[in-house]
Amino acid sequence: MLLRWWRRLTAMRTAIILLFLLALAAVPGSLLPQRSLSRNAVTRYFADHPDLAPVLDRLYLFDVFSSPWFAAVYLLLFISLIGCVIPRALEHFRALRTPPPPAPRNLLRLPDSGRLDSPLAPAPALDAVEEELRVRRFRVVRRETARGPELSAEKGYLKETGNLLFHLSLLALLLGLAGGKLWGYEGSILVTEGQGFCNTFQQYDTYSSGPLVDSDDLSSLCVDLDQFRAEYEENLTASSFTADIRYGEPNGEDRATTIGVNDPLRIDGDRVYVTGHGFTPCFTVQIPGGSSFDDVCAPFLPTDQTTLASEGALKLPDLGAGQDDQLAIEGFFAPTGLMQGGLLTSIDPRPLAPQVAIIAYQGYLGLDSGLPQSVYSLDATQIERGRLTEVGAANLSVGETLDLPDGTQVTFSGYKEFAALQYSHDPGQLWVLGSAIALLAGLLGLLLLRRERVFARAEAAADGGGTVLSLASLTRGGGESRPRFTALSDDLRDALATAASRTAPDPEVPSRD
Amino acid sequence: MTESALAELSDSLFSVSVALYSVALVAFCAQLAFGRRTERTREVVGASASASGGVLLDDAPQAAPRPAGGTDQGNRWGAIAIGVTALGALAHTGVLVTRGMAVDRLPWGNMYEFATAVVLVAVVAYTGLALRTPNLRHIGVFVLGPVVLALVAIGLGLYTEAAPVVAALRSYWLAIHVSAAILGFGVFMVSGIASVLYLVRSRPGADAGTGFVSRLPSADVLDRLAHRTAVFGFPIWTFAVIAGAIWAEAAWGRFWGWDPKETWSFVAWVVYAAYLHARTTAGWRGRPAAWVNVVGLAVMIFNLTFVNLVSTGLHSYADVG
């Protein structure tokens, strides 16, 4: 019973159906938003389809590629594959050490078969055939049988080796993928010029890590961003993003390098990428009564990638006066600002004429309320409740100042650039690459090489002079065996003729009909 | 020549190649109309005509003497059609070369250029096969028809002005990954068309009558053509996916992230793997396997059109625009 199920699972037919299921199972992952790609898109989908989304969620349709049913399909496929490949590998190993099998009883019944006449005696005729086949890298075995001397030859063992390599590489690739998922991690952070971060989960804006990652095992590396540069073509297509960084162990020696798009920092299996960029406007806040906060900056998130129009907020909870005297600035940053119908817009991603449109609020920010809030916007509920009130608004160029009713002065003092950096660790990566290369090599061997057997039997010709050779070939995997067999027999005929002319200077030409 | 003049020349050559392909299409139609039914005996794809004696082969392929009459006329049309197709392919190559010179980069930075290149690969692959095996000229209509339709759709729907590409695409992996994808896709296109024709040809009763179906190469030849091209395309596609993963690791910070394009490339790979298995599995040989191949082509086309135009993913800069 169990054996029957095992046989059924490892049958080729099942494998094909599982392949189809795998293809089919991947489809919803590209049609529905996925948490692994964009959490926001999933949240939006929940808002747009409040009835449908929870049902889909229960079916793991927003986490297709980590869902149990997707795993079930590929695990079944891999079990089927193991069940198919292991016996074949053993058989292949045995075949490598056994000589080609004896020729079938009636050679001329094989689809690719024919007769060759030669004036040579049976043994030398077979010698000539054997030599020709050995030149073609066949493994040749001669046998004496009741029906006469015969020859079996085989080549193309590498085809099956390629086949096995291909399928085993698939398994290795899956293992590498799984290892990378279990022991890998990834963290993202926005870093403004002049600032930096160290590789700990506490510092990252967002991170994800495999279940077997111990946060103590993170490699200790710190990265500082010195300068970020974005270059553009005439039509404002971004041509390059580069970040000058310094990196090294904390409290250790720094090393400087430049990373950019397509060119990450690679050190000991860890990588640091630039995944985005934007602007960090800076403000100087002058409190009436003397104290002043110089150049406090906050990164603003680009809302439009082509013009880098950005939005963000600057929160100043500690102005000193008390809990209800906090100050916040929410606003819009335009690298190249243009007033259109009373609204500030950005027309160019390069900082040619940076401007901000800001609204200043005073009151209680609610940062210590225990509820997490976004760094890039103010808590709208505090504004609704009246705890945070608007006290002024202005469009400012660099150096311009907004005067608030209580005498506070907010000056747009300048801007810096920030880079979105990503720190990645995937221990399975090289393993996967190696498997992929082996997979391709196996595939090429499997598809380009040919497994071929050739049989020949020599019988003395009926009229007493010479030999009649029966010849046949078998090709595994089909294809056009006929023209190749024709070519082989042509060559063998030539070889026999040459051999005959060597032994007998004046050979009898056998009649051809 | 200035860059804008080169870009304009590229656009004109596009029209020229569509016109030439249309002429070739008419010539292929004429061949199908005036030619005679195909000869069973000369239907070995890529067979070297070896008719020398000496070996007694049962059922040997021999070049049958050609009966005079409508045949020569049909053959002449076929030769004209292949000639014009080759000219069209030359103009078509010119489209990409001048486009590449105009923007000073490889001419496959957006969907218009990519799709144009894919169609060129399909045409070149078919022309090469048809030159080696004259019998395949009988399916010219069914290759050139989709080619003309595809080019018109590309010209009307996907046209993009010559322009530089974004920073992420400025990598030597563009040459490696995208070239392999174009090559694989173009070859799969020929394979898919052959399988569609096989499905038409292998229907019961297709031999009867004098309609165009009976003038197609035999089901065997079409099946073998589909298989051989798929066998050629599969490693190339595998390489394209692997190269894409290597590039993604450098550009996006991970080698595989189930981006829609990645997902559908994987789906296509799995379907073609299923086709290659199906063709050697009892119960799947023949029509079921051919259907799998057709599904594979459908997935490839879906991956190009829907995934680029409708869904949003990291490959979306390959979009129209």
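Here are a few notes on the predicted model above.

1. Some housekeeping: residues count from 1 along each chain as its sequence is written, chains are lettered from A in the order written, and side-chain values use heavy atoms, without hydrogens or water. As this is a predicted model, local features need pLDDT of at least 70 and side-chain atom pairs count only at pLDDT 80 or more, while totals for chains, interfaces and linings use all residues.

2. Chain A splits into domain 1 (2-93), domain 2 (99-156 + 450-503) and domain 3 (185-425), with bounds from an automatic or database domain assignment. The centres of domain 1 and domain 3 of chain A, over C-alpha atoms, are 40 Å apart.

3. Have a look at Arg451(A), in strand β22 (residues 451-460) of chain A; strands are DSSP E runs of at least two residues, numbered from the N terminus. Arg451(A) counts as buried because its relative accessibility is 7% (buried means under 20% relative accessible area, with a 1.4 Å probe and protein chains only). Its side chain makes a polar contact of 3.1 Å with that of Glu154(A); such a contact is an N or O pair within 3.5 Å, one able to donate a hydrogen and the other to accept it.

4. Then there's an open antiparallel sheet of 4 strands in chain A, ordered β5-β7-β8-β9; strands pair if DSSP finds at least two bridges between them. β5 (196-198) and β9 (255-260) of chain A are the edges, each with a single partner strand, so each has one side without a neighbour in the sheet.

5. Within chain A, antiparallel strands β7 (residues 222-232) and β8 (residues 238-248) are joined by 10 bridges. Glu231(A) has Ser240(A), in β8(A), as its bridge partner.

Methods
Buried means under 20% relative accessible area, exposed over 50%, partly exposed in between (1.4 Å probe, protein chains only).
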